[in-house]
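I opened this notebook to record what I looked up in the structure. The entries follow the order in which I consulted it.

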Amino acid sequence: MATMLDAVVVGAGPNGLTAAVELARRGLSVEVYEAADAVGGGARTEELTLPGFRHDPCSAVHPLAVRSPALSAMPLDRHGLEWLHPGLPMAHPFPDGTAAVLSRHVGETAASLGPRDAGAYRRLVAPFHGKWDTLAADFLRTQWDGLPADPVTYARFGLVAAQSATLLTKTRFRDAKARGLFAGLAAHGIAPLGGFGIGGMALMFALAAHECGWPVPRGGSQAIADALASYLRELGGTIHTGFEVKHLDDLPPARAFVFDTSPTALARIAGLGNAYAHFRYGPSVFKIDYALDGPVPWTAEPARRAGTIHIGPTYEEIGAALDAAIAGHDPSVPFLITSQPSVVDPSRAPEGKHTFWVYGHVPSAWEGDATEVVERQIERFAPGFRDRVLARATAGPPELAARNPNYVGGDIATGSVAGLRLLIRPKLARVPYATAHPAVFLCSSATPPGPGVHGMSGYHAAKAVWRRLREA
Ligand SMILES: Cc1cc2nc3c(=O)[nH]c(=O)nc-3n(C[C@H](O)[C@H](O)[C@H](O)COP(=O)(O)OP(=O)(O)OC[C@H]3O[C@@H](n4cnc5c(N)ncnc54)[C@H](O)[C@@H]3O)c2cc1C
């Protein structure tokens, strides 16, 4: 008879691995079961195009990981994780060849927005400057988990954070540059710009640039997952890859089962019926990874030294692109989030060559090919781009969902973040990581604090498991 484990984790994404590490750190016996042939989930790196070109099929840029309360408390540098900071965290080019920038320095960012908005930008970020660690700990937490560490800053941030991006940009800024920059940051939420809390998401990304940068891991985002896996093994944990869990009976006996999966899959595997029937998934993205013969020929100089480039200049264009994806329309002028990691990490491509990472928003389960509209949009800001393309790998919603079952309909956030869904996920509950089954827990980005590579859902879920096991 097999010995009873303390915990089994299903899925080796950043949250599953973080949950496993947190449990193993407390001396519990832990095994992880991952469907794919390698760990990482949304933090993978693969040669998707040509030999020597190392692409990130999912996450590439990590403002939320670098000083995440969970990940930065682990000795991941000892396990090979090294952060590389590009010259600029982010550039937002305009058709006239200029660019707004998100710099490590508030002053440089403010100056790039033009004289009429520079002061407003400084005033917006000033109350939070130098307070990232408490702010991140307070916001990347479960809202019911005790009092915030810095209640005054928390409340102050909350007043701004609750606003829509529409309200925030229209009341604070006067010109197109600042409004466009903020709308682009808000678009990471893949929700309408007029929705609750989307302004807060934009502010969080801006503060992250000033406080921690928007770095990439040397070698690609796989380095985050590999470091977590290596640390877990050091703590005595075991990882099985190439093992898709279809039913609880597939797993060895354990006191707790922690799912880094969608709520839908969890309900199916653990026999929870329609427990998450009301859980809503959001729109999807169309992803293209490029192998390039040289750097992207950006017209705007700042874009050449930025790690991330947002393409879609104005608030109006960005809002229209998001609304089209949410309403189920084909993309025509998509807003693009792009990253050029090889600008700062030469290990990502053969000498002189580059990798380029791009996605634009498309409807859930959309089956079209957005390559043409994506490249037309890039050419507006980098004429001659197409001539540098050596190879491309495309993935729309069906390919994203086939690659990782957590992306239901291609939803890379594993659950809509519109309205209050960023806070209340997968459903309203005091402990959102617990389920109707006392031994089954959910730890994926379908739980607070939501999408992104930060490991905080795994961290909080592990705490919930730990408390339950201690009580047992
Ligand atoms: C195109 C794209 C771009 C992104 N860009 C960024 C970015 O730049 N920065 C950022 O911070 N975030 C980004 N993200 C989001 C980020 O990748 C996710 O929010 C994050 O990976 C979620 O982590 P997770 O552990 O909850 O789930 P995942 O990373 O999705 O991991 C879940 C794991 O569980 C496994 N699994 C699922 N079901 C089973 C089963 N039944 N049996 C066994 N294993 C199973 C899956 O194979 C997967 O490995 C991006 C995502 C995508 C797709």
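Before assigning a hand to any helix pair, I noted the convention: a crossing is left-handed if the near helix is turned anticlockwise from the far one by less than a right angle, and right-handed if clockwise. I also noted that the model is predicted.

**Entry 1: a helix pair.** I looked up helix α4 (residues 132-139) and helix α8 (residues 198-211), whose axes come within 11 Å and cross at roughly 145 degrees. By the convention above, the crossing of α4 and α8 is left-handed. I then listed the residues that make the contact: Trp 132, Leu 135 and Phe 139 on α4, and Met 204, Leu 207, Ala 208 and Glu 211 on α8. Sorted by class, the residues of this contact comprise 6 nonpolar, no polar and 1 charged.

**Entry 2: the domains.** I found the protein chain divided into domain 1 (5-82 + 216-279 + 415-471) and domain 2 (105-211). The centres of domain 1 and domain 2, taken over C-alpha atoms, are separated by 27 Å. For the interface, I recorded 20 residues of domain 1 in contact with 19 residues of domain 2. Between them the two domains bury about 1600 Å², of which 65% is on carbon and sulfur atoms. On the domain 1 side, Leu 64, Arg 67 and Val 417 lose the most area to domain 2, together 31% of what that side buries.

**Entry 3: salt bridges.** How many salt bridges did I find between domain 1 and domain 2? The count is 1. I looked up Arg 67 again and found that it forms a salt bridge with Asp 133, with the closest N and O atoms 3.0 Å apart. My search of the whole structure returned 19 salt bridges. Among them is the pair Arg 78 and Glu 234, at 3.0 Å from N to O. Arg 78 lies in the loop between β2 (30-33) and β3 (83-84), and Glu 234 in helix α9 (residues 222-234), so this pair ties together parts that are 156 residues apart in sequence.

**Entry 4: backbone geometry.** I noted a cis peptide bond between Arg 425 and Pro 426, with omega about -5 degrees. Pro 426 is placed in the loop between α14 (397-403) and β14 (440-442). The peptide bond from Pro 448 to Pro 449 is also cis, with omega near 5 degrees, and Pro 449 lies in the loop between β14 and α15 (456-471). Finally, I recorded a positive phi, near 50 degrees, for Ile 190, which is found in the loop between α7 (176-186) and α8.

Key
Residues are numbered from 1 along each chain as its sequence is written. This is a predicted model: local features need pLDDT of at least 70, side-chain atom pairs count only at pLDDT 80 or more; totals for chains, interfaces and linings use all residues. Side-chain values use heavy atoms; hydrogens and water are left out. Axes are lines fitted to C-alpha atoms, for helices over the stretch in contact, and angles run from 0 to 180 degrees between N-to-C directions. Helices (H or I, at least four residues) and strands (E, at least two) are DSSP runs, numbered from the N terminus. Contact means heavy atoms within 4.5 Å. Ala, Val, Leu, Ile, Met, Phe, Trp, Tyr, Cys and Pro count as nonpolar, Asp, Glu, Lys and Arg as charged, and the others, Gly among them, as polar. Domain bounds come from an automatic or database domain assignment. Buried area is the accessible area (1.4 Å probe) that two parts lose on being put together, summed over both. A salt bridge is a side-chain nitrogen of Lys or Arg within 4 Å of a carboxyl oxygen of Asp or Glu.
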